[in-house]
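This briefing covers one protein chain, shown below. The notes after it are grouped by topic.

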Amino acid sequence: MNRASENKVKFQIKSTQGVGFVEAILGLIKTYIENFLELEFEQFRKGYKEKSVRQRNGYYQRSLVTEFGLIKDIKVPRYRAVVFINSLFGKWQRRRDKVDEIVTKMFLQGESCRDIRRIFREIYTDSLAISSVSRITNKMLEKVIEFHQRRITEEYSILWIDGIFFPVKDNGTKKAKGKNRVILTVLGLNKQTGKKEIIDYIIAPSENKFSYMRLLKSLLKRGLNTTAVEVIVHDGEHSISSALEEVFANKVKQQDCIFHKVQNLGNLVKQKALKEQILKDAGIVYCSRSLADYNKRKKSFILRYYRIEPEVVESFKQDDLIKTKFAFPSILHRYINTTNHIDRAFKEVRRRTNIIGCFEHNRSLDKNFFFVVNFINQLFGNRSFEPILSITQF
């Protein structure tokens, strides 16, 4: 820094006495930015030999939101004949790239556009339009595409599959009635690390066999190793089981979620006074630790209720996908007899998307869901299920 710049900084320090600390710091930052621009401007001028081109044309003022706050009225030097391009900010840039990264991270953490605007105003003392939030976060759409198209190199020993519904506007004009889009999701347990992660998802108009097949075929096409998958857990939805049979045939075992099975039995109970006891007894059967114990309790349940609740018993007998877990060590049962793992991920999604209400279009839904998925995968990355890891690694 030359003597003139030092004197300018000293004068700036003296003049900020009695001013707030933040304002004083921003004033010093502004001085350094202007000094930097002057130095860069002079270096830029040396590249031109014609005097007419090198002539200065005073300054223009511009405000810039930086990581430290809003810097107002920065004096930017300019030429008469050419445009001075500096390395600090672009021609129309009003925010530093780091600030846009912070906005994206707030969005990733589940903050609504309104909350982001409020926080932005409190931190940077400047306004931020909702359209600006969308433009900033839309820069991540390339990451969304990359996520959906990436090569799957990891091996997964357990897969959980389920769908979650959202409302999306029809043609971007009228609010849709109810939830008219479903995101079909696959959560996997990484065989090498013992950690869970959401592998991929697709947006579909409904939860049907062909949509699930599209998701599963996409995973296979991108490298999913089916020989490493030991069991696929789902809620017993017919469209899921049909898609799995179509894509994997009998190569991969399926397991129904016990919780959803018990719920389905409860819907069939005619005598409501017996409902609580029937569901309790069914739960005891499903929580058996061995196949022999399961068959013994199953027989007892059927003998007790086959006369008074025949529909419940008939559904109870359809247990081929309930008994799958007995092919695995009992220590794994708590992980493969329920879809709680993917349901918990969906709760986290709901917590962050309920504030949005109805999405504008599928692209908006895809972007928001990806942000939350990315955050959830980071959370899962900090957890490891060592008992599963020790068993599934051969």
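Two residues are in contact when heavy atoms lie within 4.5 Å. By that criterion, and leaving aside neighbours within four places in sequence, phenylalanine 369 is in contact with Ile164, Phe166, Ile183, Thr185, Tyr201 and Val349. The model is predicted. The chain has 17 helices and seven strands, and 46% of its 394 residues count as buried.

**Cores**

- The largest nonpolar core has 45 residues, and Phe166, Ile183, Tyr201 and Phe369 are those with the most contacts inside it.
- Helix α16, residues 362-380, gives the most to this core, with eight residues.
- Apart from this core lies another, of 24 residues, which includes Ile202, Tyr212, Leu216 and Val229.
- In soluble globular proteins, nonpolar side chains tend to be buried together.
- Among contacts in the chain with a separation of 6 or more, 66% are between residues 24 or more positions apart.

**The five-stranded sheet**

- Five strands form an open sheet with mixed pairing, in the order β5-β4-β3-β6-β7.
- The edges are held by β5 (196-204) and β7 (253-256); each has a single partner strand, so one side of each is left without a neighbour in the sheet.
- On average, and with direction ignored, neighbouring strands of this sheet are turned by 20° against each other.
- Strands β6 (residues 231-234) and β7 run parallel and are joined by four bridges.
- In this pairing, histidine 234 stands opposite aspartate 256 in β7.
- Helix α9 (residues 238-248) packs on the sheet and touches β3 (156-166), β6 and β7. The direction of helix α9 makes about 160° with that of β6.

**Aromatic pairs and cluster**

- The structure holds eleven aromatic pairs.
- One of these joins phenylalanine 301 and tyrosine 305 in a tilted arrangement, with 4.9 Å centre to centre and 50° between the planes.
- Both of these residues, phenylalanine 301 and tyrosine 305, lie in helix α12 (residues 291-305), four residues apart, about one turn of the helix.
- Phenylalanine 301 counts as buried because its relative accessibility is 3%, and tyrosine 305 counts as buried at 3% as well. The cut-off for buried is under 20% relative accessible area.
- One aromatic cluster is formed by Phe147, Phe166, Tyr201, Phe359, Phe369, Phe370 and Phe371. Of these, Phe166, Tyr201 and Phe369 are also named among the residues with the most contacts inside the largest nonpolar core.

**Charges over rings**

- Arginine 350 lies over the face of phenylalanine 166, at 4.8 Å from the ring centre.
- Lysine 75 lies over the face of tyrosine 59, at 4.7 Å from the ring centre.

**Lysine 72**

- Is lysine 72 buried or exposed? At 52% relative accessibility, lysine 72 counts as exposed, the cut-off for exposed being over 50%.
- Lysine 72 lies in strand β2, which spans residues 69-79.
- Not counting residues up to four places away in sequence, lysine 72 touches Lys30, Arg62 and Ser63.
- Lysine 72 and arginine 62 are ten residues apart in sequence, and 6.8 Å separates them in space, C-alpha to C-alpha.

Key. Residues are numbered from 1 along each chain as its sequence is written. This is a predicted model: local features need pLDDT of at least 70, side-chain atom pairs count only at pLDDT 80 or more; totals for chains, interfaces and linings use all residues. Side-chain values use heavy atoms; hydrogens and water are left out. Two strands pair if DSSP finds at least two bridges between them. Helices (H or I, at least four residues) and strands (E, at least two) are DSSP runs, numbered from the N terminus. Axes are lines fitted to C-alpha atoms, for helices over the stretch in contact, and angles run from 0 to 180 degrees between N-to-C directions. Rings of Phe, Tyr and Trp (its six-membered ring) pair if their centres lie within 6.5 Å; planes under 30 degrees apart count as stacked, over 60 as edge-to-face and the rest as tilted. Buried means under 20% relative accessible area, exposed over 50%, partly exposed in between (1.4 Å probe, protein chains only). A charge sits over a ring if NZ of Lys or CZ of Arg is within 6 Å of the ring centre and within 35 degrees of the ring normal. A nonpolar core is a set of buried Ala, Val, Leu, Ile, Met, Phe, Trp, Tyr and Cys residues joined through side-chain atoms within 4.5 Å.
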